[in-house]
Amino acid sequence: MELRPQFDAFLRDIRPSERNREEWKRGSNTLRARLLADPDLSPIITNSFLQGSVRRSTAVRPTGGKRSDVDVVIVTTIDHNVETPQVAMKRFEPFLERHYAGKWVQQDRSFGIEMSYVDLDLVITALPAEPEARAALATLYRSQAVTTDESIEEASDWVVNKSWDPSRHFETATMLTEDTATGWRDDPLMLPDRPIRDWGPTHPLAQIQWAADKNRRCNGDFVNVVRALKWWRHEHADELPKYPKGYPLEHMIGHVLPDGITSVAEGVLKAFEGIRDTFRFNAAAGVVPRLPDHGVPSHDVLKRLDAKDFVAFYNEATKAADVARRAFDELDKDSSGALWQELLGKCFPLPGPGGGDRGRGFTTPAAAATPRQSDRFA
């Protein structure tokens, strides 16, 4: 059974809370405002925007005392052909010392900032150096479509188009299409990479656009399926390897999930079965599949995944596919609920009396109806 009411309750429980959302918006907006007001950095900053699971609506609520986590991308005019990654990142250290002393650490491709209520990841990027491309992209990256802190679930009409306006929500008759004039897809941002001491392409905006498009093709449930499988990972952490998780897991789900799903239950089932069927030969050969990044196809999203971890994950996902199939096909609401709960944990509520899916279509009565006797109008 699809158990729609139970899935609705489950998703309400595992979504980030309103407090979580307030925390990441407060933390990220404060950081962005400080950067744009900084006298040394503001001249080189084109703008900033949110990326990651928060922006793509695939985050689940933090557990185990963890804090909300949000990525902030800073788009700069640093010339990556001239300035080394070390020099570029060094520019931001005085700022971090002024505002986040004792709370920040330099990472391979970003700065981590740990606060009492939120973890921020500050990602420094550079626009393409070619003047014409830079000018066109600067206009786009300053637009509300990029700078909004609304997620793709909060703004279901969102699209990469500099004319997008958050006040236009739900005007489906005039929904904008993706901007192609700027050629933004062909011009990723450049990211400083300390380990290799060079800059490399990154395209978070393309990842967000892909997720928004996929979510619309899945009737708004792609993000919910990702959340459900992330929670499955959380509930079965003892049986699962540490990786894949986070974005690589989300990317795998997007790769195998068909368009047009009509319920979260169907999506969870098809995601697990898709992983099982799509990667069967890879698992048998002990070879990690290659999944190109949506923004930079030369990047393999699973490049860092160990083959042993992939096979162990595949085996657990295959077991999960069997449980999901039995839960979905089960006609008894209590048995179906117990199977979904086995898969997704105690956050998935069992159906109460009279619960379960409503029947669809006409059901032939078992016997002819008998008029009730009454003398009310005698």
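## Ile74 in strand β2

In this predicted model, Ile74 sits in strand β2, which covers residues 68–76. Ile74 is buried: its relative accessible area is 1%. The cut-off for that label is under 20%.

What does Ile74 touch, leaving out residues up to four places away in sequence? Its contacts are Leu35, Ile45, Asn47, Ser48, Phe92, Leu122, Val123, Ile124 and Thr125. One of these, Ile45, belongs to strand β1, residues 45–51. Ile74 and Ala320 are 246 residues apart in sequence. Their C-alpha atoms are 39 Å apart in space.

Is Asp38 buried or exposed? Asp38 has a relative accessible area of 3%, so it counts as buried. Setting aside neighbours within four places in sequence, Asp38 contacts Pro43, Phe95 and Arg98.

## Backbone exceptions

Most residues other than glycine have a negative phi, and most peptide bonds are trans. Several sites here depart from that pattern.

Leu3 has a positive phi of about 45 degrees, although it is not a glycine. Leu3 is in the segment before α1 (4–14). Its relative accessible area is 0%, so Leu3 is buried. Asn219 also has a positive phi, near 55 degrees. Asn219 is in the loop between α8 (204–217) and α9. With a relative accessible area of 53%, Asn219 is exposed. Leu3 is thus buried, whereas Asn219 is exposed.

Where is the cis peptide bond that involves Pro244? The bond joins Tyr243 and Pro244, with omega at about 5 degrees. Pro244 is placed in the loop between α9 (222–235) and α10 (246–256).

## Helix α9

Helix α9 has 14 residues. At 1.5 Å a residue, α9 should span 20 Å. Its end C-alpha atoms are 20 Å apart, which agrees.

How many of the 14 residues of α9 are buried? The count is 12, so α9 is largely enclosed by the rest of the structure. The buried residues include Phe222, Trp231 and Trp232. An α-helix has 3.6 residues a turn, so residues three or four places apart point the same way.

Strands β6 (residues 189–193) and β7 (residues 198–202) run antiparallel. They are joined by 5 bridges. Pro192 has Trp199 of β7 as its bridge partner.

The hairpin has 4 residues between its strands. Arg197 takes a positive phi there, near 55 degrees.

## Salt bridges

Side chains of opposite charge can pair when their charged atoms come close. How many salt bridges does a search of the whole structure find? The search finds 26.

Lys25 pairs with Glu154, and their closest N and O atoms are 3.7 Å apart. This pair links distant parts of the chain, 129 residues apart. Lys25 is in helix α2, while Glu154 is in the loop between α7 (144–147) and β6. Lys25 is partly exposed at 22% relative accessibility. Glu154 is partly exposed at 32%.

Asp193 and Arg109 meet in a salt bridge with an N to O distance of 3.0 Å. Asp193 lies in strand β6 and Arg109 in the loop between β3 (104–106) and β4 (111–114), so the pair ties together parts 84 residues apart in sequence. Asp193 counts as buried at 10% relative accessibility. Arg109 is partly exposed, at 26%.

Arg280 bridges to Asp277, with the closest N and O atoms 3.2 Å apart. Arg280 has a relative accessible area of 41% and is partly exposed. Asp277 is partly exposed too, at 37%. Elsewhere, Arg15, Glu153 and Arg227 are linked in a network of salt bridges.

Methods
Residues numbered from 1 in each chain as written. Predicted model: local features only at pLDDT ≥ 70, side-chain atom pairs only at ≥ 80, totals over all residues. Heavy atoms only, no water. Helix = DSSP H or I, 4+ residues; strand = E, 2+ residues; numbered from the N terminus. Buried < 20%, exposed > 50% of the residue type's maximum accessible area, 1.4 Å probe, protein only. Contact = heavy atoms within 4.5 Å. Expected span 1.5 Å × (residues − 1). Pairing = 2+ DSSP bridges. Salt bridge = Lys/Arg side-chain N within 4 Å of Asp/Glu carboxyl O.
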